[in-house]
Amino acid sequence: MKRINLSLPVIALLALAGCQSAPVVVSEPIKTFSISPECIEYTLQADNEMIIGFTPVYFEVNSDKSYNKLDTHMSCVATYLAKNSDKELNVQGFTDDKGTVKYNKALAQRRADGLVEFLRSLGTSTEQLISTTKVIEDNGVKLTSSERSKTRRVNFSITNKSS
C-alpha cells in the first residue's frame, strides 16, 4: 500500500476551496471617532453603538486636586460630548475608606463637581453632565495604600441622554 503525504499547504488549500460556496457576511463598519487615545480606557461595540470608557481621574489623599494634568484628558471628553449631543456623561466621584461618611461624601462631590466645572469651561453643555458620588465605607477590610489610591477617583460613564 502506497502512502500519500499531503503537506499542510495543500490541506489548507483544499479546506479553503470547500468554503468558497459559503455566503460572505459583511458587517456594518464600526463607528470611528477622533479622540486622543490617552483618555480612553476601553471601547466596546454593542448593538451598533460604540461605548466609550474614559480613563478615571485619580486624586491625592483628602484632596479634590488631581494627580494628573487634566487639559488633554478633559479636552478629549469634551470633544466626544460635543460630537455626540445625544449622550450624557455621569461624572462619579469616589473616596477611599478613611474619614467619616459625611466628610467623604462631601469630598467625593467636590471631586465630581470640579471636573464637571472643568468640562463646562471647555464648552460642554450642562444638559450633558450629571454629577454623582460613591463613598466607600470602612467595612473592616483593610485596604492597602495602593488599593486606596485607586479608589480616590472620578469615573466617567456615557449613557444615552434622557428625554
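1. In this predicted model, helix H2 passes helix H3 in a right-handed crossing. The two helices pack at an angle of about 70°, with their axes 9 Å apart, and that angle makes H2 roughly perpendicular to H3, since values from 65 to 115 degrees count as such.

2. The contact between the two helices is formed by Asp71, Met74, Val77 and Ala78 on the H2 side, which meet Leu115, Phe118 and Leu119 of H3. By class, this contact has 6 nonpolar residues, 1 charged residue and no polar ones.

3. Helix H3, which runs over residues 101-121, has 21 residues and reaches 30 Å from its first C-alpha to its last, close to the 30 Å expected at 1.5 Å a residue. Just after H3, Gly123 takes a positive phi of about 95°.

4. The buried residues of H3 are Asn104, Leu107, Ala108, Arg111, Ala112, Leu115, Val116 and Leu119.

5. Helix H2 has 13 residues and spans 18 Å between its first and last C-alpha, close to the 18 Å expected at 1.5 Å a residue. Its buried residues are His73, Met74, Cys76, Val77, Ala78, Tyr80 and Leu81; Met74, Val77 and Ala78 are also among the residues of H2 that meet H3.

Methods
Residues are numbered from 1 along each chain as its sequence is written. This is a predicted model: local features need pLDDT of at least 70, side-chain atom pairs count only at pLDDT 80 or more; totals for chains, interfaces and linings use all residues. Side-chain values use heavy atoms; hydrogens and water are left out. Helices (H or I, at least four residues) and strands (E, at least two) are DSSP runs, numbered from the N terminus. The expected span of a helix is 1.5 Å times one less than its number of residues. Buried means under 20% relative accessible area, exposed over 50%, partly exposed in between (1.4 Å probe, protein chains only). Axes are lines fitted to C-alpha atoms, for helices over the stretch in contact, and angles run from 0 to 180 degrees between N-to-C directions. Angles under 35 degrees count as roughly parallel, over 145 as roughly antiparallel, 65 to 115 as roughly perpendicular and the rest as oblique. A crossing is left-handed if the near helix is turned anticlockwise from the far one by less than a right angle, and right-handed if clockwise. Contact means heavy atoms within 4.5 Å. Ala, Val, Leu, Ile, Met, Phe, Trp, Tyr, Cys and Pro count as nonpolar, Asp, Glu, Lys and Arg as charged, and the others, Gly among them, as polar.
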